[in-house]
Amino acid sequence: MKRVLTAAVGAPLALAAVFWLPGEWFFVLVLALFLGGVVELVRLSRHRALERPLWSLLVLVPAAAAAMGPWPLPTPEGYAAQGGLLLAAAVVSVGLGALVLLTRTPIDQAVVTLGVLAYAVPYLSLPVASLYHLK
């Protein structure tokens, strides 16, 4: 019964958001919903990975989604999403390794923590940017 009530309330709200919210506000709403997923992922991963670096996903996911979403970064060719994708790739490759090293993560947890971080950034930011572009 609880799921039916949630669907009865959630479905009209979701449809209203899709049809009536402007693009940037829709992006912010979807991002807020996905940040709840970030918190859930951190709680699920804390048994295997160190929790301190995982909380940085609350900043990394919105940054990567915004780089691919409604505010593309300027590139020499003009405003293009490729600049945002390049920035997101640089953050994932260089920034995450440095973050794990700076938080003094033990070696036995460093690989798992880095794996969760490297997996979670595209896993949670690509759908947000995709939903914005599909709208």
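Predicted model: local features only at pLDDT ≥ 70, side-chain atom pairs only at ≥ 80, totals over all residues.
Contact here means that heavy atoms lie within 4.5 Å, and on that basis Ser45, leaving aside its neighbours within four places in sequence, is in contact with Leu54 and Val116.

- Ser45 belongs to helix α2, which covers residues 23–45, and Ser45 counts as buried because its relative accessible area of 12% falls under the 20% limit.
- A polar atom of the Ser45 side chain lies 2.9 Å from the backbone oxygen of Leu41.

**Helix α6**
- Helix α6 takes in residues 107–134, and its 28 residues should span 40 Å at 1.5 Å a residue, which agrees with the 41 Å between its end C-alpha atoms.
- Val116, one of the residues in contact with Ser45, is also among the buried residues of α6.
- Other buried residues of α6 include Ala110, Thr113, Leu117, Ala120, Val121 and Leu124, together with Ser125, Val128, Ala129 and Tyr132.
- An α-helix has 3.6 residues a turn, so residues three or four places apart point the same way.

**Val59**
- Val59 is found in helix α4, made up of residues 57–68, and is exposed because its relative accessible area of 60% is over the 50% limit.
- The C-alpha atoms of Val59 and Leu35 are separated by 9.5 Å, although these residues are 24 residues apart along the chain.

**A nonpolar surface patch**
- Leu15, Val18, Phe19 and Trp20 make a nonpolar surface patch of about 510 Å², and Leu15 lies in helix α1, which runs over residues 2–20.

How values were computed. Residues numbered from 1 in each chain as written. Heavy atoms only, no water. Helix = DSSP H or I, 4+ residues; strand = E, 2+ residues; numbered from the N terminus. Buried < 20%, exposed > 50% of the residue type's maximum accessible area, 1.4 Å probe, protein only. Polar contact = N/O pair within 3.5 Å; in protein donor to acceptor, adjacent residues only side chain to side chain. Expected span 1.5 Å × (residues − 1). Patch = residues over 30% accessible without salt bridge, like charges linked within 9 Å, V, L, I, M, F, W, Y side chains within 5 Å. Areas by Shrake-Rupley, 256 points an atom, 1.4 Å probe, with all protein chains shown as cover. Salt bridge = Lys/Arg side-chain N within 4 Å of Asp/Glu carboxyl O.
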